[in-house]
Amino acid sequence: MAADTLPPLIAAQLNHLISNSPHSIKVDQVRSGCKNGLYSDRFTLLIPFCLDFIKWDFIFNALYPSVAPDVVFSPDDDDFCPLAGEEDDVSVALKNSLVDWNSKDSTRLLELVHKLRDAYVNYQRKRVGELDDARLKFEISTVFSREGIEVCMVSGADKPEEVKFSVPLLDTSLNKLVIGCPWKNEQKIYLQVIFPIIRSYSSTPAAPRLKLVSTSELKSLFSIEDVKLPPWLDGMCMAEYLPALEDNLKMQVVEAVASIGARRRFIEALAPLFGRPLEADPVFCRKATVVAVSGTFNFLVSFSFSTQFPKQQPTLALQSCQHFTSQGVPLMSSPINDYPWSPRWDTPQMAERIFEFLVDECLNFKKHCQDTQQV
Amino acid sequence: MADDLPPFDKISIPGPVLAAILHRCSSSSGDSDGLLFGRAVPLPPREPTDDLGPSPSPTLAAVVTSHLSSSSPASFFDPLGRIDSNSSFLSSPPVPGSHLIGWFSARRRSPLRPSMRERAVSLSLFKSVIQDSADFSARPSVFLLLSSSEWGNQAVHTHDYRAFVACPSGALEPRSVSIVNVGPAFRGQYGAFTPESPFPWIPMAPRWKDDDGGERRSLNGLRQVAHEQRVLDASAEGFGIERLGSLVGDGAAEYTSEVEDLYKKMLVKLEGLARKVEESNVRVLEQESRNIELRKKLAGLD
């Protein structure tokens, strides 16, 4: 990767940006502007914005490190010129960070990217605010005060222009709900709302397209695919829609957190029957493996739990310790989830029932292993 | 209303001028920028129409005639793209018959779209550099953006360029570039060509003008002049005016052998001159690579 050839000063700036930004920024296409291509000094940054990425090219000069970097914005944002235009708090802060550019201070690129992103958020808000659409004007006047809301124009070559809102939901910290939380970035659930632009008054406005989006790591706690969105009624606005959705989500998140406790108790209940688990996921309790013995047959039982436990039973997989394929891979059963189960059983009973089921099932598995190995 | 009209409808640039700019950019060690000089030329009026609208305003084309590259990038503007009006680079006297018409920026392996700072510089140049006339066409509004990349172990070089015009509203509008070359399509331009051979701009004041230098310096200056005269004389040696005089008049009978002799000597001299140019080019190249080494040290790359 060309990133290795970045001069130390630029590399320090970039590393600080990647490891300290609350947004997960990606670096792409590190390349050189020098004649011999020796020192890389320009790269593309993918910066999250409004549930998508904006691609900006940052151009340094390896031979003149004291010169502040320059930025080429996306082709769609032709009229985004943060250095021109009205003076406001954001643009003053941006200009200050550029004017006294110090290449030796590795925090500067992070500061610049954030200031530029702030300016871009304002630019998109202004663009949408200038649209001649009564419904959008109303939505903007009612929801723009929500913290963290982002909005942008979406336009493609062969489709009508639309406006996308990204509304962060639940103002409580999800990270704090999980004990021993391993997430580095704050996890969030967003509602993406896409409005078609309606410029004539006569037509009845079509309902917006709604979708829930979450940060990627959240899925080990809670799957947003399981959430059923309430219907959008005619003549509804976001300020009406959001409270009901948030209440609904809040309940489901609380259930998801409670489900961690249920899983943990279940894994603990396995110990008296199977012995201490060989390994278990200590934070979200989504996986556990135990060792089992039936006569002279040794095998492992892997439990994987969905976020809907105990409503959904764990999926089991057996793995022999004594039978291997010709490549030396241990033989495994296919996933098993058709055994007797009731979410109403108490936890020790759940473990016992599985134990009883396995007493018979392991004989089938042993036979299957022996047959496979003989072939 | 008229103030909002972009000043130029078209930009044309003679092939050799564009080639010189491209060469400058591809030979530069990193990104480079500089000024463009040229003049405004009225375009022939559009085809008349039967519509009874307001008569179309006369349109102008910008002709780029020369460029001046800055010695280091971002030397005549600040990080916010504001022009430094006191910069000596900006006040460099242009070639007679042309004025500052815009600027150029060349950067390798980057998108061919104006960057944040390039927009600001173009606008600032347009707004802050006001030349003799209050006319918009006299303001430096042209922006030429160049990008180059090479691949296949430097076997293939790609040069791209786009031209823009700064509008009073603050936007940069793309304009088509026509390259003036030899050929029937360009007869008009060649008909209007006036040869100009300006002396290159040398920013240092000549030494002998220095009043504080005293006797010794002026003596040094005289010595320098005498030395340069000797070098010049050596080049013209054997081509004295008397000898050329013998080509006409009574001695013209030996015309053929005399011309042949002169021609032979001229070839020898040319060869000597070519060798000298080669030697000095080698020295320039050596100096340039020394400069780059120093620049690398300064940039903390070694």
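Predicted model: local features only at pLDDT ≥ 70, side-chain atom pairs only at ≥ 80, totals over all residues.
## Chain A as a whole

Chain A contains 7 helices and 13 strands. Its C-alpha trace spans about 80 × 60 × 40 Å along the principal axes. The radius of gyration of chain A is 28 Å, whereas a compact globule of 375 residues would have one near 21 Å.

Buried residues make up 28% of the 375 residues in chain A. Now take the contacts in chain A with a separation of 6 or more: 49% of them link residues 24 or more positions apart.

Helix α1 of chain A covers residues 8-20, and helix α3 of chain A covers residues 108-129. Their axes come within 7 Å and cross at roughly 60°. That angle is why α1(A) counts as oblique to α3(A).

Which residues make the contact? From α1(A) come A:Q13, A:L14, A:H16, A:L17 and A:N20. From α3(A) come A:R108, A:L109, A:L110 and A:V113. By class, the contact has 5 nonpolar, 3 polar and 1 charged residues.

## Around A:C321

A:C321 sits in strand β12 of chain A, residues 315-324. Is this residue buried, partly exposed or exposed? A:C321 counts as partly exposed because it has 14 C-beta neighbours inside 10 Å.

Set aside the neighbours within four places in sequence. A:C321 is then in contact with A:N298, A:F299, A:L300 and A:P330. Take A:N298: it is 23 residues from A:C321 in sequence, yet their C-alpha atoms are 5.6 Å apart in space.

## The sheet of chain B

In chain B, 8 strands form an open sheet with mixed pairing. Their order is β7-β6-β5-β4-β2-β3-β1-β8. The edge strands are β7 (172-175) and β8 (177-180), and each pairs on one side only. Neighbouring strands are turned by 35° against each other on average, direction ignored.

Look at one pair inside this sheet. Strands β2 (residues 32-42) and β3 (residues 60-69) of chain B run antiparallel and are joined by 9 bridges. Opposite B:G38 stands B:V64 in β3(B). Helix α1 of chain B, residues 15-27, packs on the sheet. This helix touches several strands, including β1 (10-14), β4 (99-108) and β5 (142-151). Its direction makes about 40° with that of β3(B).

## Where the chains meet

How many residues of chain B are in contact with chain A? There are 28, and they touch 33 residues of chain A. On the chain B side, β4, α2 (116-128) and α6 (255-298) each supply at least two residues. The largest share, 5 residues, comes from α2(B). By class, the chain B side divides into 11 nonpolar, 8 polar and 9 charged residues.

## Backbone exceptions

Most residues other than glycine have a negative phi, and most peptide bonds are trans.

The peptide bond from A:F309 to A:P310 is cis, with omega near 5°. A:P310 lies in the loop between β11 (297-304) and β12 of chain A.

A:C285 is not a glycine, but has a positive phi of about 50°. This residue is in the loop between β9 (279-280) and β10 (287-294) of chain A. A:C285 is buried, because 21 other C-beta atoms lie within 10 Å.

B:A74 also has a positive phi, near 55°, without being a glycine. B:A74 is found in the loop between β3 and β4 of chain B. With 20 C-beta neighbours inside 10 Å, B:A74 counts as buried.

Key
Residues numbered from 1 in each chain as written. Chains lettered and ligands numbered in written order. Helix = DSSP H or I, 4+ residues; strand = E, 2+ residues; numbered from the N terminus. Rg over C-alpha atoms; globule rule 2.2 N^0.38 Å. Buried ≥ 20, exposed ≤ 12 C-beta atoms within 10 Å, placed from the backbone. Contact = placed C-beta atoms within 7 Å. Axes fitted to C-alpha atoms, helices over the stretch in contact; angles between N-to-C directions. Parallel < 35°, antiparallel > 145°, perpendicular 65-115°, else oblique. Nonpolar A, V, L, I, M, F, W, Y, C, P; charged D, E, K, R; others polar. Pairing = 2+ DSSP bridges.
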